[in-house]
Amino acid sequence: MDINTVLILAYVDDYFKANKIAADLSKKNFTVRMEFPDSFDFDTKIRASLLRCDAVIYVISSQVLASDKYYELHGIVQENQRTIKPELYVALNKSIDDLFLDIYKHEEYSDDVLLRADDYRMELENKNVICQGPKLIDDIVEKLKGLKEAEHEVEEPKAQEEKAEEENPEEPIAEESFEEAEPEEVTEEAEVEEATEEAPVEEAEPEEESVEEPEEVEEEVEEPEEEAFEAPVEPERPKVINMDAFNEAIKEYAKENYLDSFKLFLETKDLPLAEYYLGYQYANGLGTEKDEELAIEYYQKSIDDGCDKAYTALGDAYYYGLGVAKDDLAAAKYYKSAAALGDNDALFHLANCYYYGKGEVQNYRKALEIYQTLADEDNIEACYHAGCMYFLGRGCKVSYKNAYYLLQKAAATGHPKAMNDLGTLYRYGLYIDQNIKIAIDWFTKAAKAGRGAAYKNLGDCYYFGVGYKQDKVKAVQNYKKGASLGCADAIYILGLMYEQGDDIELSYDKSFQHFLQASELGHAAAQYEVGNCFYFGQGTKKSDMDAFYWYKESAKGGCPEGQYALAVAYHNGKGVAQNSANAFRWYKIAAEAGNIDALNALGDCYMNADGTEADEKLGFEAYMKAAKGKNLLAMTNVGKCYYFGNGVTKDYSEAVKWYMQAAQKGDAESQVLLGNCYYYGTGFNQNYLEALKWYRKAAKQENGQAYYMIGRCYENGQGVKKSIQLAKENYIEGADFGDSMAEYALGEYYAEGAEMDEEKSFEYFEDAHIHGFKMATLKVAEYYYLGKGVVQDKDYSFELAKKLHDEGYEEAGEFLNKYF
């Protein structure tokens with residue numbers, strides 16, 4: 001028997017190495033099937049596979065031998081095997097000794113496992129074992145030939161005679177002589193029985209009974225003859241199928257004459273492959289009315305009748321929810337089964353399951369391994385996917401070199417996405433030398449092939465003047481072409497241009513519509529912009545709830561700005577119930593994604609124990625990271641930490657340095673704080689003129705505290721000529737911008753003097769109290785106690801003072817002692 005068809009058996013853990021062996025044997029002109037005992041519906045498939053193969057190869061590793069998997073695998077084969085096939089064992093280590101050494105060295109394995117390993121080792125010593133090595137495939141091929149020769153050598157003489165007789169044209173004579181031999185043996189036995197039974201006369205009756213028994217036997221024999229006549233009905237079913245009709249159906253299908261192919265497949269529907277094609281035509285409405293549920297029935301019949309092709313189709317049905325409820329787990333299961341049968345389309349889909357985490361735990365490394373395996377076999381789609389993963393560093397380190405070679409391979413076949421991405425590598429000089437001309441050539445080819453993203457890239461070239469003279473009109477034209485092809489990036493960019501009136505009409509309505517369109521395509525940055533539109537009521541009706549929804553979608557899509565906006569919504573209770581813990585969580589996620597504003601907010605959370613435990617050291621570290629990222633608020637906060645010694649050793653000179661950096665970049669709060677350093681002489685020599693300079697810069701930005709400090713300088717004649725009127729005017733400005741100290745100053749101003757007004761005084765003190773100024777709260781308590789500028793209410797006075805006292809405000813204790 002020639003060994004042409006080989007069955008490879010391995011556990012899924014060793015899939016990739018087993019698949020490599022299968023691919024290499026295929027190149028050596030062997031027909032190869034693969035089965036995995038831990039794959040779906042294995043028992044059904046192993047029976048069919050064993051009937052079709054000439055030899056069995058077991059792929060074994062230390063992991064398999066350390067468990068019961070080796071004997072389990074061997075046992076399943078023996079149970080399902082009608083005729084014993086030659087067996088070969090491939091050990092996935094350099095040597096069989098190394099394979100077992102892995103087991104012996106493993107500290108977690110019990111004594112029972114080690115003893116079982118010894119038994120396995122002795123068992124394998126008597127088998128045909130090939131060990132992993134540089135010439136593995138050549139060794140396997142040579143061993144398979146050896147198995148064939150050995151099989152011929154051990155044939156029994158009788159079998160050799162039979163072979164010779166089969167070759168002899170007088171074959172019927174051999175059959176007759178074989179049939180005549182049996183009666184002779186029966187006659188001899190009968191004679192012996194008769195000789196032994198002649199003596200006893202009493203046994204005559206049993207002889208009569210024995211005569212009757214054959215009649216019963218004859219009747220019993222007749223029934224099997226009838227059964228033998230009826231039984232072949234099922235097996236002979238394919239014989240009545242018009243194979244010419246089936247072949248004609250295939251031809252019509254290839255010509256896309258689906259109506260004719262459908263009719264012919266119906267005539268031959270008892271063939272498993274015809275059942276598959278009927279399922280496919282029903283699923284896609286080819287030559288018949290679309291019926292996805294009926295398609296599922298035919299796919300399942302096809303599998304039940306032994307056709308492997310339908311596994312992938314059922315996987316697709318469950319993956320996309322076609323004719324059945326969407327079920328990622330079932331899809332992955334069918335893809336695995338089909339992949340185990342050597343279906344590379346299914347293997348590709350299985351890689352997608354690992355990549356997107358559908359039906360399998362997301363695993364970029366496994367996805368890349370499969371894509372790379374298929375790419376090595378010139379699967380163009382796999383080349384593209386593997387190239388993208390190397391480009392993005394998913395499941396591997398970023399490798400522009402690998403990305404370039406794989407994308408180039410796919411692009412050479414006209415793959416639109418690959419052509420576009422290859423253009424990107426040339427545009428930015430990633431691995432290869434930057435070449436704008438070649439980049440534009442690839443973008444143009446991809447655009448002509450219908451790739452919307454390529455039009456977006458050409459639009460970028462026109463917009464920024466890369467390879468072309470800057471022309472924003474042509475940029476818009478290309479962006480619109482990309483948008484018409486469904487490119488979310490192009491739609492998003494148009495939204496930005498409409499929002500800013502950037503060489504296009506200013507239109508918040510159109511901007512919102514473009515952002516919304518891109519959002520519905522899953523564009524996370526666009527979803528953030530839609531959230532902003534709802535938050536500010538720009539291009540649509542203001543809605544905090546809608547804003548929150550889109551911020552959340554953007555955050556889930558991985559947009560750092562959306563994550564930060566979501567955290568702010570939780571922090572402020574806008575569009576959702578206030579939740580400091582959720583705010584902290586999303587600040588942290590956004591910060592880890594690189595959002596500098598979120599880093600600063602994270603520092604606030606640690607400093608104020610807002611949504612997390614207080615930790616001034618972590619707060620300072622977060623501020624410092626954000627400050628180094630040029631966040632002005634963070635620079636100011638770092639200065640405050642050094643000034644007050646929060647999370648770091650107090651250091652006025654460092655505080656001044658950070659205040660100065662932020663102040664020079666225009667941060668109003670830092671300008672006031674820097675002015676205070678000059679005013680009080682901390683970190684600098686006291687200098688009222690320099691203080692006023694920075695206060696006035698901050699006041700121009702409508703900073704209320706700056707106005708208060710300017711008013712104070714006028715009130716005290718510090719750096720300026722004393723002027724109560726100018727002091728009052730600056731206090732009013734400060735109060736208008738909500739500064740509590742300016743409000744308190746005005747309360748005192750109207751409490752006495754020429755313009756004394758108790759009601760006005762009370763109103764300003766109350767404003768300052770509402771803004772959290774404790775001295776003002778005590779003044780309000782006093783006014784209520786005395787009925788000054790307000791209706792007397794001693795109970796409320798006591799309540800205000802008591803609350804201050806409970807919060808640790810010492811002056812409140814003195815007030816309570818004085819009045820209560």
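Guide: Start with patches: they are made of residues with over 30% relative accessible area and no salt bridge, with like charges joined within 9 Å and nonpolar side chains (Val, Leu, Ile, Met, Phe, Trp, Tyr) within 5 Å. Glu289, Asp291, Glu293 and Glu297 form such a patch, a negative one. The model is predicted: local features need pLDDT of at least 70, side-chain atom pairs count only at pLDDT 80 or more, and totals for chains, interfaces and linings use all residues. Numbering runs from 1 along each chain as its sequence is written, and side-chain values use heavy atoms, leaving out hydrogens and water.

Visitor: Why is Glu297 called partly exposed?

Guide: Buried means under 20% relative accessible area, exposed over 50%, and partly exposed in between (1.4 Å probe, protein chains only). Glu297 has 47%, so the label is partly exposed. Glu297 sits in helix α14, residues 292-304. Helices are DSSP runs (H or I, at least four residues), as are strands (E, at least two), numbered from the N terminus.

Visitor: How many helices and strands does the protein chain have?

Guide: There are 43 helices and 5 strands. Of the 820 residues, 43% are buried.

Visitor: How do you know that Lys472 and Asp502 meet in a salt bridge?

Guide: A salt bridge needs a side-chain nitrogen of Lys or Arg within 4 Å of a carboxyl oxygen of Asp or Glu. For Lys472 and Asp502 the N to O distance is 3.2 Å, so the pair qualifies. The pair links distant parts of the chain, 30 residues apart: Lys472 is in helix α24 (residues 472-484), Asp502 in the loop between α25 (488-500) and α26 (508-520). Side chains of opposite charge can pair when their charged atoms come close.

Visitor: What makes Lys779 and Glu782 a salt bridge?

Guide: Their closest N and O atoms are 3.9 Å apart, so they fall within the 4 Å limit. Both residues lie in helix α41 (residues 774-786), 3 residues apart, about one turn of the helix. Salt bridges that share partners join Lys472, Asp502 and Asp503 into one network. The structure holds 19 salt bridges.

Visitor: Why is Lys728 called buried?

Guide: Its relative accessible area is 11%, so Lys728 falls under the 20% cut-off. Lys728 is in helix α38, residues 724-736. Leaving out residues up to four places away in sequence, Lys728 touches Leu746, Tyr749, Tyr750 and Glu755. Contact means heavy atoms within 4.5 Å.

Visitor: What is Gly647 in contact with, leaving aside its neighbours within four places in sequence?

Guide: Gly647 contacts Glu616, Lys617 and Phe620. Gly647 and Lys617 are 30 residues apart in sequence, yet 4.1 Å apart in space, C-alpha to C-alpha. Gly647 lies in the loop between α33 (632-644) and α34 (652-664). At 29% relative accessibility, Gly647 is partly exposed.

Conventions
Accessible areas come from the Shrake-Rupley method with a 1.4 Å probe; for residues, only the protein chains shown count as cover. Lys and Arg count as positive and Asp and Glu as negative; His and the chain ends are not counted. The place of a charge is taken as NZ of Lys, CZ of Arg, CG of Asp or CD of Glu.
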